[in-house]
Each structure stands twice: as C-alpha cells, then as structure tokens.
Amino acid sequence: MLQQEAVAGVRNLHPGYCSLLVKFDALRMRHEDVEAILRQYLERLEKIELPDARLVEIPVCYGGEFGPDFTEVAALRGMTAKQVIELHASVEYLVYFLGFVPGFAYLGELPEALVTPRLAAPRRRVPAGSVGIAGNQTGVYPFATPGGWRLLGRTPAKMFQADRDELSLLSIGDRVRFVPISAERFGALEKEWT
Amino acid sequence: MDVILVREPGLFTTVQDLGREGFGPMGVSPSGAADAVSLRFGNRLVGNAEGAAGLEMTLLGGTFAFPDGAVLTLTGSDFGATLDTKSVQLWTAFEAKPGQTLKLGPTQTGARCYLCVRGGIEVKAFLGSASTHILGGLGGFEGRALRKGDVLTIGASSGSARKRKLSARVVKGMQPRKILRVTPGPQDDWFPEASRRVFYESAYRVAEETNRMGIRLQGASVAKATEGELTSEGVSLGAVQVPEGGLPIILFVEQQTTGGYPKIANVISADFHSLGQLRPRDEVRFERVDWETARNLLREQEQLQASEELLFE
C-alpha cells in the first residue's frame with residue numbers, strides 16, 4: 001500500500017516478518033507525523049486487494065559439494081538423505097519478505113522435522129545459489145556472501161540479475177516450491193541460464 | 001567523449017553518487033558515497049549537480065591521466081595528491097591539462113578521498129544510481145572496484161571553467177568527528193543499565209575487517225539482559241547492532257537491509273559522513289542525544305552544505 005500510494009518524505013521501506021522499517025526525511029517530517037499517516041494506512045489494511053500469488057519453481061541439486069551441511073542435517077534430524085530431500089521439496093513456501101542482500105527471500109515455514117539451528121560459526125563465503133535452512137526458515141543466497149545458514153543444496157537459478165526486467169526472481173507474497181534435480185541437470189540448466 | 005585513464009586504481013576505488021534509495025523491499029541497500037558531504041561539496045566545486053558520480057578512494061589513492069583535460073577537485077581526506085609534480089590543494093577546483101597525471105598516495109588523515117570531475121563520471125545507471133554495490137556486483141563501473149587500465153567516461157558538461165574553493169571555515173565545520181552522536185536504538189531496552197553504561201563510557205577501536213557494509217568495533221563487550229532472540233526486521237543506516245559476543249557493528253552504506261541482532265543505538269544522520277572517514281584502528285566513542293537534537297544538527301549541516309557564499313572564485 002505504501003508502495004502504491006507513496007507518502008511524500010518517506011524514502012525507503014524495509015519489510016520484516018512482523019514489522020516494517022519506514023525511513024523518512026527527518027527535515028520534512030517528524031516521527032509523530034509519520035506515525036499519524038501510517039495509522040491511517042493501517043485502518044485500510046483489511047480492505048486492500050493483493051495480487052494473486054505466483055508459484056515459482058526453483059530447481060535444486062541437493063547434497064554433495066552443493067550442500068555441505070546436508071549429511072549433518074540428516075544425521076541431526078535422524079532422517080535418510082531421501083527423506084530430507086522429499087521433505088524440503090514437499091512444501092509450498094511463502095515469501096515473507098526480501099532482505100539481507102538484493103534478492104534474498106525469507107521463505108517459510110520449514111516442516112517441523114527439518115527445523116535446525118544456524119551454524120555456530122558462520123561461513124566467510126557461501127556460494128551464490130546455495131539453498132540453506134535456519135530455524136524454521138529456508139532461503140537461497142543470491143550472491144556469494146558470508147552466511148550462517150545450513151546449506152542443503154544449490155540452484156542454478158539466478159535469484160537477482162541486473163540485466164533482467166524482473167530483477168529479483170522472487171517478490172513478497174510469492175509461493176515457492178523446490179524441485180530436486182540431478183547434478184547433470186544442474187550443469188545443463190546453469191549453462192542455459194548464463 | 002572525454003575520458004579518464006586509470007593508471008593505478010589505488011587500494012579500493014569505486015564510482016559512487018548519492019545512492020539508490022527506495023529499493024529496500026527488494027533487499028537492495030542504497031549504497032552511495034561513504035562520506036556524502038565530501039562528494040556533494042566536490043560536485044559543487046566543479047559545477048556539477050551535487051549528486052553526480054565521482055570516484056571514492058579508500059586509504060590509498062590511485063593515479064589517473066586525462067588525455068582530453070578535465071576540471072577536477074579532491075575532497076574528503078588528504079591523500080597527498082600531486083598533479084605532475086605540483087601538489088594539489090583539497091576543496092579547490094583545478095584544471096588538468098591534456099597529458100597531465102594526477103597521483104594520489106596513502107592517506108594522511110581519514111579513510112576516504114573523493115575525485116570529482118566536471119561532467120561527472122558516466123556509467124550505466126542501475127536502479128537510477130551510478131553507485132557501485134560491491135557485494136552484488138551491481139551499478140558503478142562494471143559493478144566492481146577500478147582496475148589498472150580501466151577507461152572511464154566523463155559526462156557532458158556546460159558552463160565555464162570557473163575556479164572555486166571552499167572556505168576554510170566550512171572545511172573546519174565539516175571535520176569528521178570521533179565522538180559519534182547516537183539516538184537510542186529500537187532494542188535499547190534489551191540492554192541493562194550496566195551494559196548501556198559500558199557502551200556509552202567506553203572507547204572502541206575500529207577493526208581491520210571494516211568495509212562499506214559495516215564498521216566493526218573492538219573494545220568492551222556489551223551484554224544483553226535476556227537470552228531472547230530477535231525476529232529478523234528492517235535495519236537502518238547507522239544502526240549499532242550488538243551480535244553474540246557483544247562487540248558492536250555499525251551498519252554502513254552497503255548495509256544488509258534486514259537483520260536479527262538487537263540494536264542498542266543509531267548514529268545520527270549528521271554524523272554519517274564521519275563514519276565514512278573512520279580508518280581501522282581509529283578510536284571512537286558514543287554520545288547519546290535525543291531526536292530533536294539530531295534533527296537540529298542535520299538541519300545545520302544541510303544549511304552549511306547549501307550555502308552559496310561558501311564557494312568563491
């Protein structure tokens with residue numbers, strides 16, 4: 001709503017799970033002014049119509065070098081490799097918001113049986129396309145960044161691309177399903193999408 | 001089409017303007033000049049709009065040649081620049097004749113020096129801005145820091161080559177601060193009184209692994225009161241977050257847009273440019289102010305920045 005009916009003086013929005021950070025020009029408006037405007041928006045919150053949710057399929061090659069934490073997650077959760085893959089790919093996830101870095105979508109909720117805490121020590125570099133889990137969330141790293149999520153696999157899909165009409169593959173409210181693929185298929189898709 | 005030849009890139013030199021604001025919903029932080037005050041003054045000194053793209057150099061400057069000549073200025077920190085053999089004054093517009101070489105060295109003061117050129121640096125805009133976003137390889141010159149041999153395009157400009165200089169009084173007024181003023185953060189109350197006292201009374205040292213994403217600090221650890229975990233939420237520029245371990249990190253221009261660590265404080269907008277001049281091993285302290293004070297300080301800074309009397313010929 002704030003994107004469609006922009007408020008003069010509001011410069012940026014950072015959505016979270018159950019919060020929205022509103023960045024505004026402090027020389028144009030005061031905190032109280034912004035609060036009053038936001039309260040008016042909140043009153044209309046129930047009435048707005050959201051666009052239909054899209055379903056986006058993301059191919060993932062699980063385990064091996066693409067999923068360095070895959071074996072440990074299976075062991076921690078007392079599951080076989082097949083069960084981990086089936087479970088992770090069994091759910092339609094919701095994009096709660098995008099944050100952290102460009103195109104990083106926070107997806108939930110992970111099936112209870114897969115819920116695993118973050119790594120105690122984050123990796124200095126997680127390869128782009130890595131698919132990870134943390135608590136009851138799952139997500140895909142769009143770029144090589146530091147990261148503490150446990151990595152189950154990797155996708156050849158480009159999550160964020162500057163020279164594409166739709167910069168980010170995912171948007172808030174989208175539905176996401178992970179589709180298991182083989183290493184050969186990963187190689188073929190990677191070639192096709194580069 | 002006039003160009004700049006990059007003979008030596010320096011340690012970490014990127015194309016920056018005032019950033020791309022408004023793309024938080026995609027996870028894209030604004031990026032932009034780490035010391036926007038210096039970039040804005042630099043642009044005005046060479047007769048550009050204040051948001052034109054310039055070069056941001058970090059700790060060690062580069063060497064540049066101007067085969068077609070150019071009107072230039074250097075602002076921010078003193079990197080001991082010379083034009084051929086003659087030393088160049090900061091905060092003053094000067095002309096490089098075709099064939100002359102501008103050479104910068106290691107910093108003698110703060111972390112960053114800006115090179116602004118009349119006409120600005122021309123690159124393909126990404127989401128409306130020329131700023132380089134290093135982590136995503138987005139914007140700027142090919143989404144990366146400059147390399148030896150790069151050729152930058154200077155934008156078209158109109159108007160005469162008038163010499164301009166910034167008054168010493170203003171330069172002094174814009175001196176970067178080491179005592180950073182902050183307002184309380186959204187999780188200020190997660191920290192017991194004793195921890196807050198530690199935070200506000202200790203000196204912190206800027207860590208080596210500091211960059212445009214965040215300024216890591218070393219010093220007294222700030223303990224949380226509870227074991228509670230924060231649900232990921234939006235984080236703002238200048239937010240002082242306290243991860244496990246208790247050593248504060250100040251989120252900077254190329255920040256993550258959301259985060260899960262509690263924030264004890266937020267550096268005020270008027271002191272953002274000071275953050276851009278912090279070097280590893282510098283010592284900083286925090287001083288608490290209220291919103292009204294923060295707003296007044298920003299207003300004063302903007303008035304100083306907008307004044308026409310500051311530029312004379």
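**Figure 1. Contacts of B:Met57 in the predicted model.** Leaving aside neighbours within four places in sequence, B:Met57 is in contact with B:Gly10, B:Thr13, B:Gly62, B:Phe79, B:Leu104, B:Arg112, B:Cys113 and B:Leu115. Two residues are in contact if their C-beta atoms, placed from the backbone, lie within 7 Å. This is a predicted model, in which local features need pLDDT of at least 70, side-chain atom pairs count only at pLDDT 80 or more, and totals for chains, interfaces and linings use all residues. Residues are numbered from 1 along each chain as its sequence is written, while chains are lettered from A and ligands numbered from 1 in the order in which they are written. B:Met57 counts as buried because it has 27 C-beta neighbours inside 10 Å. A residue is buried if 20 or more other C-beta atoms lie within 10 Å of its own, exposed if 12 or fewer, and partly exposed in between, with C-beta atoms placed from the backbone. The C-alpha atom of B:Met57 is separated by 15 Å from that of B:Thr210, 153 residues apart along the chain.

Figure 2. B:Met57 is found in strand β3 (residues 54-58) of chain B. Helices (H or I, at least four residues) and strands (E, at least two) are DSSP runs, numbered from the N terminus. Five of the five residues of β3(B) are buried, so β3(B) is largely enclosed by the rest of the structure. Two strands pair if DSSP finds at least two bridges between them. Strand β2 (residues 14-16) of chain B runs antiparallel to β3(B) and is joined to it by three bridges. Here B:Thr14 stands opposite B:Glu56 in β3(B). β3(B) also pairs in the antiparallel sense with strand β10 (residues 112-117) of chain B, over four bridges. The bridge partner of B:Thr58 in β10(B) is B:Arg112. Strands of a sheet pair through backbone hydrogen bonds, either parallel or antiparallel.

**Figure 3. The largest nonpolar core.** This core has 124 residues, and those with the most contacts inside it are B:Leu72 and B:Val117. A nonpolar core is a set of buried Ala, Val, Leu, Ile, Met, Phe, Trp, Tyr and Cys residues joined through C-beta atoms within 7 Å. Neighbours within four places in sequence aside, B:Val117 is in contact with B:Ile4, B:Val46, B:Gly54, B:Ala70, B:Val71, B:Leu72 and B:Ile154. In soluble globular proteins, nonpolar side chains tend to be buried together.

Figure 4. In the contact, 22 residues of domain 1 of chain B meet 15 residues of domain 2 of chain B. Helix α1 (residues 36-45) of chain B gives four residues to the side of domain 1 that touches domain 2, the largest share. By class, that side has eight nonpolar, 11 polar and three charged residues. Ala, Val, Leu, Ile, Met, Phe, Trp, Tyr, Cys and Pro count as nonpolar, Asp, Glu, Lys and Arg as charged, and the others, Gly among them, as polar. α1(B) is mostly covered, with 10 of its 10 residues buried. Among them are B:Arg40, B:Phe41 and B:Arg44. After α1(B) comes B:Gly47, whose phi is positive, near 85°.

**Figure 5. The closed barrel of chain B.** Seven strands form a closed barrel in the order β14-β21-β18-β19-β16-β15-β22 (chain B), with mixed pairing. From one strand to the next, the twist averages 40°; axes are lines fitted to C-alpha atoms, for helices over the stretch in contact, and angles run from 0 to 180 degrees between N-to-C directions. Strand β18 (residues 239-241) of chain B pairs with strand β19 (residues 249-251) of chain B in the antiparallel sense, over two bridges. B:Val240 stands opposite B:Ile250 in β19(B).

**Figure 6. The side of chain A that touches chain B.** The contact takes 31 residues from chain A and 26 residues from chain B. On the chain A side, the elements that give two or more residues are β1 (10-15) and β2 (20-24) of chain A. β1(A) provides the largest share, five residues. By class, this side of chain A has 19 nonpolar, 10 polar and two charged residues.
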